[in-house]
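Please examine the sequence and the three-dimensional structure shown below before reading the report.

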Amino acid sequence: MTIESIARPTTHPAGRAVSPAPHDLHALAREVVAHLEESVATCRTLPGDGLGPGVTGVVRVCLGWLIDRLRGGPLPARTERLEAAAANWACEGIPIEVVMHAVHEGFKAGLDLLPGRVGPAAEFDIVAGTAAMLELLNLVTATVSKSYVREHKAIAGQHHTAAHTLTSALLAGHADSAMARECGIAIAAEYFVLAVELPTHPDEHNAELDRQVVARRKLRRVQAALATQFGEQVLSLLSVDGGTILVPTTACAESGLADLVGRLGSAARVPLRATVVRAPADRISTAARDAHELLDTVDQLGRAPGLYRFADLALHFQLTRPGMGRDLLDARLAPLDGHPDLLRTLATYIDNDLSRRRTARLLNVHPNTVDYRLRRVGALTGLDPAEADGLWYLRSALIARANRAAAHGESSGDTASRPPAEPRPTAHRYRFHNARSESLVGAAPGAHRIP
């Protein structure tokens, strides 16, 4: 048996339909509202004077629907009055649980009051009345819920657009207090500017899955993690392969940034590499450029996932800047271009803290072979790896060559004999200008639903 099968008008022995008389609908609505004001403390948070005349009108409409239904009429086809009221409550910031509690309490009050308004109890079919109540409760609940969702989608979309506009202006160096007021978002005095790389998720290589869907879900998990931890304090401009995050220095201690990157990696389900530069609001544009250039350096050096600061890689960063010095360093390795085994041995030896035994194990050769190859490096380049100056130059040359190789899409042994050229812009370097931030439409900060 369904609600619809029992919610039909009952008949008095004389043949007339039995239903509540509508002679005093206004008074009945006021009684229901008065009951809510007395018995439900949270209802006092609704807009207006107490529950206000607007709520009384909504209650009167719902009671009218009930009376029509008990007379045998259909469910109401038009619910604009209720939709508008629910949208207004959502705009006022009233929690939906408060409204839903009031709805259920109102229906309980109506169920108590209606039988007494229709005369003798014999003339009121409790089963039909209760079924009609439940049927209309379902309609009202669904209508209020849809209105709230629709309104929050609009609010979230407006906030996302404002945040996107302000973040883009900050990164371009054009933001000011007037723009912040227009966007409704306060600009912090100082930010941690993070350049973030979002690596490809393994599922993006699965031919049976939609790569774009997988990438967007990865991005949205990261956005949800940011919103959950910081709410609306953090600004970001992210795409599926990375971007820029602006964290107010008042929202997170500098010592907590590494943990933040780790949590974002857990949300993305891939380990992240990120760099950070601290800057006042009026220098965010320069700081973002520096952070992304440092992220380029981290990529070129093949560093492990984690957070890097300029203090960690100042030498590496400087050695990779375009210019005569970098080109001269790169050229010092030219004699090794025809000896890839020597280049590989030198790089492995330096990367493993000058341990000949570890280098030999990784290269699957005898330690004496490592010694021989290092002597050959010294003979060909004039830079002895066994001496401090020679080792310093060789290490610097490897860093410079890695930068040129990454800039030209070549292996590290292919570039020394070629004429110098400016590196092409990498994805990271201008990402903070080009990233398209994808919003979570309809999701309030901290309440994202991630598949």
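This is a predicted model: local features need pLDDT of at least 70, side-chain atom pairs count only at pLDDT 80 or more; totals for chains, interfaces and linings use all residues.

In soluble globular proteins, nonpolar side chains tend to be buried together. The largest nonpolar core here has 34 residues, of which Trp89, Val140, Val144 and Tyr148 touch the most other members. Two or more residues of this core come from each of the helices H2, H3, H4, H5 and H6, and H3 gives the most, with nine residues. Beyond its neighbours within four places in sequence, Val140 is in contact with Cys62, Trp65, Leu82, Val103 and Phe107. A second, separate core holds 23 residues, including Leu198, Leu219, Val234 and Cys252.

**Thr143**

Thr143 lies in helix H6, which covers residues 126–172. Its relative accessibility is 5%, so Thr143 counts as buried, the limit being under 20%.

| From | To | Distance |
|---|---|---|
| Thr143 side chain | Leu139 backbone oxygen | 2.8 Å |
| Thr143 C-alpha | Glu83 C-alpha | 6.3 Å |

Thr143 and Glu83 are 60 residues apart along the chain.

**Helices H10 and H11**

The axes of H10 (residues 284–301) and H11 (residues 310–319) come within 10 Å and cross at roughly 70°. The two helices are therefore roughly perpendicular to each other. On the H10 side, the contact is made by Asp290, Glu293, Leu294, Thr297, Val298 and Leu301, and on the H11 side by Phe310, Leu313, His316 and Phe317. By class, this contact comprises six nonpolar, two polar and two charged residues.

Methods: Residues are numbered from 1 along each chain as its sequence is written. Side-chain values use heavy atoms; hydrogens and water are left out. Axes are lines fitted to C-alpha atoms, for helices over the stretch in contact, and angles run from 0 to 180 degrees between N-to-C directions. Helices (H or I, at least four residues) and strands (E, at least two) are DSSP runs, numbered from the N terminus. Angles under 35 degrees count as roughly parallel, over 145 as roughly antiparallel, 65 to 115 as roughly perpendicular and the rest as oblique. Contact means heavy atoms within 4.5 Å. Ala, Val, Leu, Ile, Met, Phe, Trp, Tyr, Cys and Pro count as nonpolar, Asp, Glu, Lys and Arg as charged, and the others, Gly among them, as polar. Buried means under 20% relative accessible area, exposed over 50%, partly exposed in between (1.4 Å probe, protein chains only). A polar contact is a pair of N or O atoms within 3.5 Å; within protein, one must be able to donate a hydrogen and the other to accept it, and residues adjacent in sequence count only if both atoms are side-chain atoms. A nonpolar core is a set of buried Ala, Val, Leu, Ile, Met, Phe, Trp, Tyr and Cys residues joined through side-chain atoms within 4.5 Å.
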